[in-house]
Amino acid sequence: MTWVVVPAAGRGARFGGEMPKQYLDLLGRPLIEHTLRALLAHPSISGAMVALSANDPHWRGWRELEGKPVLTCLGGGERADSVLAGLRALPASVPADDWVLVHDAARPCVKALDLSRLFAALKTDPVGALLAAPVRDTLKRAGDDGRVESTVPRGSMWRALTPQAFRRDSLVRALESAERAGVVATDEAMAIERLGLKPLLVEGSEDNLKVTTPADLAVAESILRRMGDGRA
């Protein structure tokens with residue numbers, strides 16, 4: 001069984017208002033609740049650690065969802081800070097060499113099938129893995145003047161998604177190393193890569209979008225309705 005760390009601290013996107021995006025209403029529930037339920041409903045996930053901002057007034061105080069524990073800890077200003085805090089706050093019963101998932105609070109549409117594919121990959125991979133999607137659009141590199149400088153071959157390009165899964169001790173070591181070097185790791189795979197390791201890419205659904213704009217929220221609602229989300 002595996003725990004998942006969900007970084008939900010920091011300023012985040014507020015779409016012009018005061019409500020952080022992870023608490024916006026989505027089909028009658030906070031967006032983050034959909035995220036947590038989607039994760040905790042999977043049989044291979046045993047609990048969630050949510051890293052929150054200090055005195056977060058929007059957190060609903062969940063202690064359990066889908067019959068599994070939901071714990072909280074104080075996060076940090078950057079995503080990496082919150083993930084590291086969450087890893088350190090995991091129960092002592094979580095072994096140092098256990099796999100731990102990290103998932104964005106604002107990705108409510110992660111599918112059980114993709115989670116199962118990720119867990120299947122972990123059975124044979126010594127480093128760790130992350131859900132990702134191949135880049136399908138033509139990529140352009142821009143110059144300082146805003147004009148096209150070159151076309152970037154897309155054959156080997158992927159978009160990193162979450163969850164990302166690594167051994168608890170390896171990820172702590174990677175994030176601490178980046179912190180000491182003054183490097184802001186934008187995702188967990190980047191921190192692991194700095195150690196000279198190569199995480200495995202596991203193709204995931206394009207529906208696993210990260211809500212960052214009002215338009216994304218509408219798309220997420222459409223996806224959840226199509227998936228037959230029964231939590232509205």
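Predicted model: local features only at pLDDT ≥ 70, side-chain atom pairs only at ≥ 80, totals over all residues.
Residues are numbered from 1 along each chain as its sequence is written, and side-chain values use heavy atoms, with hydrogens and water left out. Local features required pLDDT of at least 70 and side-chain atom pairs pLDDT 80 or more, whereas totals for chains, interfaces and linings use all residues.

Thr35 lies in helix H1 (residues 31-40); helices (H or I, at least four residues) and strands (E, at least two) are DSSP runs numbered from the N terminus. With a relative accessibility of 0%, Thr35 is buried (buried, under 20% relative accessible area; exposed, over 50%; partly exposed, in between; 1.4 Å probe, protein chains only). Its side chain reaches the backbone oxygen of Ala105 at 2.8 Å. Beyond neighbours within four places in sequence, Thr35 is in contact with His103, Asp104, Ala105, Arg107 and Pro108 (contact, heavy atoms within 4.5 Å).

A total of 14 salt bridges was found, each defined as a side-chain nitrogen of Lys or Arg within 4 Å of a carboxyl oxygen of Asp or Glu. One of them pairs Arg37 with Glu66, with the closest N and O atoms 3.1 Å apart. This pair connects helix H1 to the loop between strand S5 (64-65) and strand S6 (68-74), across 29 residues. Arg37 is buried at 16%, whereas Glu66 is partly exposed at 34%.

In helix H6, Arg225 and Glu221 form a further salt bridge, at 3.3 Å between the closest N and O atoms; the two residues are four apart, and therefore separated by about one helical turn. Arg225 is exposed, at 53%, and Glu221 partly exposed, at 31%. Elsewhere, salt bridges with shared partners join Arg29, Glu33, Arg37 and Glu66 into one network.

Key: Polar contact = N/O pair within 3.5 Å; in protein donor to acceptor, adjacent residues only side chain to side chain.
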